[in-house]
Amino acid sequence: MDNVLVIGASGHAKVVIEAIELEKKYQIYGLIDSYKPKGVKLFDYEVLGTEFDIKDFAAKGITKGIIAIGDNWDRHLIQEKIKELVPEFEFITVIHPSAIISPSAKIGKGTVVLASVTINTGTLIGDFCILNTDANFGHDSSMANFSSLAPGVTIGGNVHIDHCSAVSLGANIIQGKKIGRHSVIGAGSLLLNDVEDFKLVYGVPAKVIRTIKKGERYLKL
């Protein structure tokens with residue numbers, strides 16, 4: 001098995017690590033984190049350095065990894081930094097073995113599909129996306145790069161979720177709706193209408209609450 005680096009060492013990294021272990025396709029070499037000191041452990045794996053150290057690991061032949069960071073914009077920024085520092089670095093895709101995935105679905109690099117996710121026929125999932133525990137992604141729907149579904153989300157058929165947008169815990173989106181770039185659908189919402197770029201939307205039925213900024217910490221909204 002190829003050795004891989006897990007970039008991130010917080011809560012989301014835990015579920016990604018367990019998915020990698022269960023998938024049995026890669027061996028985790030260690031963790032990369034910008035904020036935690038070297039030697040800190042998550043499960044049995046040590047933080048080995050920051051993104052600036054990845055070049056040294058690549059020189060040793062460790063040129064693959066996964067970004068295990070829950071925030072969409074942070075994931076975008078760290079991916080850009082790594083590709084700038086180590087252009088040859090390859091991002092793997094991690095799929096929990098309990099996920100149910102249509103043979104016709106297409107899933108991009110760097111994407112994480114976690115436990116009990118269902119991905120239906122004709123779907124297109126971009127690069128560096130997250131489909132979290134028990135999310136259900138409807139037929140012919142699509143997710144652009146760096147978008148995410150939180151646990152328990154249900155997406156109807158023919159829905160499009162654009163770049164860096166997030167659908168929060170337990171939200172439901174009916175068929176045929178479009179969510180613009182950098183928008184957030186709040187936890188428990190029922191979305192019945194399209195959503196423009198840079199909007200925070202929540203409620204039953206969901207309504208636009210306000211405009212949000214690129215990179216705003218939606219996990220704390």
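Trainee: What makes a residue pair across the interface of domain 1 and domain 2 a polar contact, and how many are there?
Mentor: A polar contact is a pair of N or O atoms within 3.5 Å; within protein, one must be able to donate a hydrogen and the other to accept it, and residues adjacent in sequence count only if both atoms are side-chain atoms. Across this interface 7 residue pairs, both at pLDDT 80 or more, meet that rule. This is a predicted model, in which local features need pLDDT of at least 70 and side-chain atom pairs count only at pLDDT 80 or more, while totals for chains, interfaces and linings use all residues. Residues are numbered from 1 along each chain as its sequence is written, and side-chain values use heavy atoms, with hydrogens and water left out.

Trainee: How many salt bridges does the rule find across the interface of domain 1 and domain 2?
Mentor: The rule asks for a side-chain nitrogen of Lys or Arg within 4 Å of a carboxyl oxygen of Asp or Glu. Across this interface it finds 0 salt bridges.

Trainee: Where do the bounds of domain 1 and domain 2 come from?
Mentor: They come from an automatic or database domain assignment, which gives 2–91 for domain 1 and 94–211 for domain 2.

Trainee: How do you know which residues of domain 1 and domain 2 are in contact?
Mentor: Contact means heavy atoms within 4.5 Å. By that rule, 17 residues of domain 1 touch 21 residues of domain 2.

Trainee: What is the buried area between domain 1 and domain 2?
Mentor: Buried area is the accessible area (1.4 Å probe) that two parts lose on being put together, summed over both. For these domains that is about 1,500 Å², with 70% on carbon and sulfur atoms. On the domain 1 side, N72, R75 and F91 lose the most, together 32% of what that side buries.

Trainee: Why is one side of β3 and of β6 left without a neighbour in the sheet?
Mentor: Strands are DSSP runs (E, at least two residues), numbered from the N terminus, and two of them pair if DSSP finds at least two bridges between them. The open sheet has 6 strands in the order β3-β4-β2-β1-β5-β6, with mixed pairing. β3 (41–42) and β6 (90–91) stand at its edges with a single partner strand each, so one side of each has no neighbour in the sheet.

Trainee: What makes β1 and β2 a pair?
Mentor: The rule wants at least two bridges; β1 (residues 2–7) and β2 (residues 26–32) have 6 and run parallel. In β2, G30 stands opposite L5.

Technical notes. Helix = DSSP H or I, 4+ residues; strand = E, 2+ residues; numbered from the N terminus.
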